[in-house]
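Here is a short report on helix packing. Look over the sequence and the model first.

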Amino acid sequence: MISTANELQALCLTLSRKEWVGIDTEFLRIRTYYPKLCLIQISSSSGVWCVDVTAFKRLDALSELINNQKVMKILHAPDQDFEVLLPRLKALPTPLFDTQAAAAFCGMGDQVSYASLVEQVTGVVLEKAHTRTDWCRRPLSDAQIGYAEDDVRYLGDIYHYLEKRLEQTGRREWAEEQFALLSRQERYFLDPELAWKRLGRGNSLSPVAQQRLKALAVWREKTAQDQNIPREWVIKDVALMAVARLESIDSSSLENINELSSGQARRWLNPIQKVISTMDVPQNEVVWPRERPMTRVQSDHCKKMMKKIRERAKTIGMSASLIATRKDVEAVVRGERGSPLVTGWRRKALGDSLTEELESLLGLSGR
């Protein structure tokens, strides 16, 4: 277990000379807004280590390593790892090789688990005994540390196996394009001003209530971030919707909302009143427009295109859902511009014929 600055500095210096490092994290996200990083596991061709993050205020040596462009960083389905690493390290591990995404391009399924890849590539069956461990509690047992180490122990083997498969299929560039998308920091930046986008059912409200809900969602996100508590601890979605419906906000109206506790009603009365009274937006502007139902012709186009995409995916040995979801195709049929289906690796995966059909649909919808 790496727990001192000198140990970490020496480890990162050694790893900076390696071709690749495998990385995984253990964290808690129960009583806080931001996930609490507890442990970072690292592997290379010369061993496996666990970095006790709870012992460090700063992780500068590790930040320098993950920024080293000469060392490949191997992770499996890194979205959650990136979300917890970015606030602590102020950077994301690059260059990246995501074993889950790479496996998908190799026709091994679009969401294959790490344990499944380990078994397929190495024949090792991983244990699941410590999936509910509190990784921030110290000391960790030898069994817990061994379990954590296993999460990176086989990343090198999987990396070399998938590298060869990608070269054989000619899809290395496709995978690299996807890795680059995963490495964009904006994917993991939680902007409070955009918090309203994660709320559903907003279109059931009047335009004025929608504006209130949008403003309240931004306030709740900022409050949760500032106090580092789950957003639901501030106020739940259903209660936020109920507040947005109110014509006037006072202690009595808040206390009458069943989904809002009396303590929350008292605590948030003044902040909520301030949010609503200082809204500077057009009161009749619709935030969540109702989506028009697809016409029969559009629905037929969508069904036919999905069938062709499934057939194409089977031909090239990839998962159809990796190439395109029904939502992707519906967006094209509706005429929404900027579809990823007609650019980049997806364009190549679909081939000229299907791409031309999709572009034709976009043209028809735009008339």
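## Basis

This is a predicted model, in which local features need pLDDT of at least 70, side-chain atom pairs count only at pLDDT 80 or more, and totals for chains, interfaces and linings use all residues. Residues are numbered from 1 along each chain as its sequence is written, and side-chain values use heavy atoms, without hydrogens and water.

## Helix 5 against helix 7

Helix 5 (residues 114-122) packs on helix 7 (residues 155-169) at about 70°, with axes 10 Å apart. That makes helix 5 roughly perpendicular to helix 7 (65 to 115 degrees). Helix 5 contributes Tyr114, Leu117, Val118, Val121 and Thr122 to the contact; helix 7 contributes Leu155, Asp157, Ile158 and Tyr161 (contact means heavy atoms within 4.5 Å).

## The buried face of helix 5

Tyr114, Leu117 and Val118 are the buried residues of helix 5 (under 20% relative accessible area, 1.4 Å probe, protein chains only). Down the axis of helix 5 they fall within an arc of 100°, so they line one face. Their cover includes helix 4 (99-105), helix 6 (142-153) and helix 7. Just after helix 5, Gly123 takes a positive phi of about 85°.

## Helix 9 against helix 11

Helix 9 (residues 207-227) and helix 11 (residues 237-245) cross at roughly 135°, and their axes come within 8 Å. Ala209, Arg212, Leu213, Leu216, Ala217 and Arg220 of helix 9 meet Asp237, Leu240, Met241, Val243, Ala244 and Arg245 of helix 11.

Notes
Axes fitted to C-alpha atoms, helices over the stretch in contact; angles between N-to-C directions. Helix = DSSP H or I, 4+ residues; strand = E, 2+ residues; numbered from the N terminus. Parallel < 35°, antiparallel > 145°, perpendicular 65-115°, else oblique. Buried < 20%, exposed > 50% of the residue type's maximum accessible area, 1.4 Å probe, protein only. Arc of directions from axis to C-beta.
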